[in-house]
Amino acid sequence: MGRAAVGLAGALVLAIGLSACAERPIPLSLYSRIGGQAAIVAVVDQFAATLAADRRTSGFFATTDMAAFKAGLVDQLCMVSGGPCHYGGPDMRAAHAGRHISDADFDAFVGDLIAALDHFNVPTREKNELLALLAPMRRDIVGA
């Protein structure tokens, strides 16, 4: 086989490979599917307002610096959903130590998060994916 034929064969293989890649879209991260940073900030703002208004959760935030809480939560949600942020706050066990958070308290907190996600019509698939990413934190928060 001549040099031209080898070059043509290589170009053909490359073209077939590239067209196969073009047919399979790269899956978007959860971060992108929920709307990125702006959407996370909006959800966290709504969530914080809901927490403050909910008699089941408001007591836990009576002395909390809500601006710092919201900033940390935005970074945390951004990071776990595949976004470019880095959560640099305390681990969940340390952050909740001595707070005496029960399963019922945690469930109320999650319910308020779901209400905030629903407020912005986050699709069920994305909402469940985000909640599944956060669920392992329960063991570090409840009873810490």
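**Entry: the cavity**

I began with the largest cavity and found a volume of about 60 Å³ for it. I worked on a predicted model, in which local features need pLDDT of at least 70 and side-chain atom pairs count only at pLDDT 80 or more, while totals for chains, interfaces and linings use all residues. Residues are numbered from 1 along each chain as its sequence is written, and side-chain values use heavy atoms, with hydrogens and water left out.

For my own use I noted that a cavity, on a 1 Å grid over the protein atoms alone, is a set of points where a 1.4 Å probe fits but cannot get out, that a pocket is an open set with protein on both sides within 12 Å along at least five of seven lines, and that lining residues have an atom within 4 Å of a point. Grid points are joined across faces, edges and corners, and a volume is the space filled by probe spheres set on the points. By this rule I counted one cavity of 30 Å³ or more.

I then listed the lining of the largest cavity, which consists of Ile34, Ala39, Ile40, Val43, Leu77, Leu117, Val122 and Leu130. Sorted by class (nonpolar for Ala, Val, Leu, Ile, Met, Phe, Trp, Tyr, Cys and Pro; charged for Asp, Glu, Lys and Arg; polar for the others, Gly among them), this lining has eight nonpolar residues, no polar ones and no charged ones. Helix α3 (residues 36-53) gives the largest share of the lining, three residues.

**Entry: the chain as a whole**

I looked up the elements next, where helices (H or I, at least four residues) and strands (E, at least two) are DSSP runs numbered from the N terminus. The protein chain has eight helices and zero strands. Of its 144 residues, 30% are buried, where buried means under 20% relative accessible area, exposed over 50% and partly exposed in between, with a 1.4 Å probe and protein chains only. Taking a contact as heavy atoms within 4.5 Å, I found that among contacts between residues at least 6 apart in sequence, 75% join residues at least 24 apart.

**Entry: the nonpolar core**

A nonpolar core is a set of buried Ala, Val, Leu, Ile, Met, Phe, Trp, Tyr and Cys residues joined through side-chain atoms within 4.5 Å. In the largest one, which has 27 residues, Ile40, Leu77 and Leu113 touch the most other members. The elements that give two or more residues to this core are α2 (30-33), α3, α4, α6 and α7, and the largest share, five residues, comes from α3.

**Entry: aromatic rings**

I searched the whole structure for aromatic pairs, in which rings of Phe, Tyr and Trp (its six-membered ring) have centres within 6.5 Å, with planes under 30 degrees apart counted as stacked, over 60 as edge-to-face and the rest as tilted. The search finds three pairs. The rings of Phe47 and Phe109 have centres 4.9 Å apart and planes at 75°, so this pair is edge-to-face. The pair links distant parts of the chain, with Phe47 in helix α3 and Phe109 in helix α6 (residues 103-119), 62 residues apart. Phe47 is buried, with a relative accessible area of 1%, whereas Phe109 is partly exposed, at 24%. Phe47, Phe61, Phe69 and Phe109 form one aromatic cluster.

**Entry: the largest pocket**

The largest pocket has a volume of about 720 Å³. It is lined by 31 residues, of which Phe69, Met92, His96, Phe109 and Ile141 are the closest to its centre. Two or more lining residues come from each of α4 (66-80), α5 (92-96), α6, α7 (124-134) and α8 (138-141). By class, I noted 21 nonpolar, six polar and four charged residues in this lining.

**Entry: loops**

I checked His100, which lies in the loop between α5 and α6 and has a positive phi of about 55° although it is not a glycine. His100 is exposed, with a relative accessible area of 65%. Asn121, in the loop between α6 and α7, has a positive phi of about 55° and is not a glycine.

Last, I looked at Ser58 in the loop between α3 and α4, a partly exposed residue with a relative accessible area of 25%. Not counting residues up to four places away in sequence, Ser58 touches Leu51 and Ala52.
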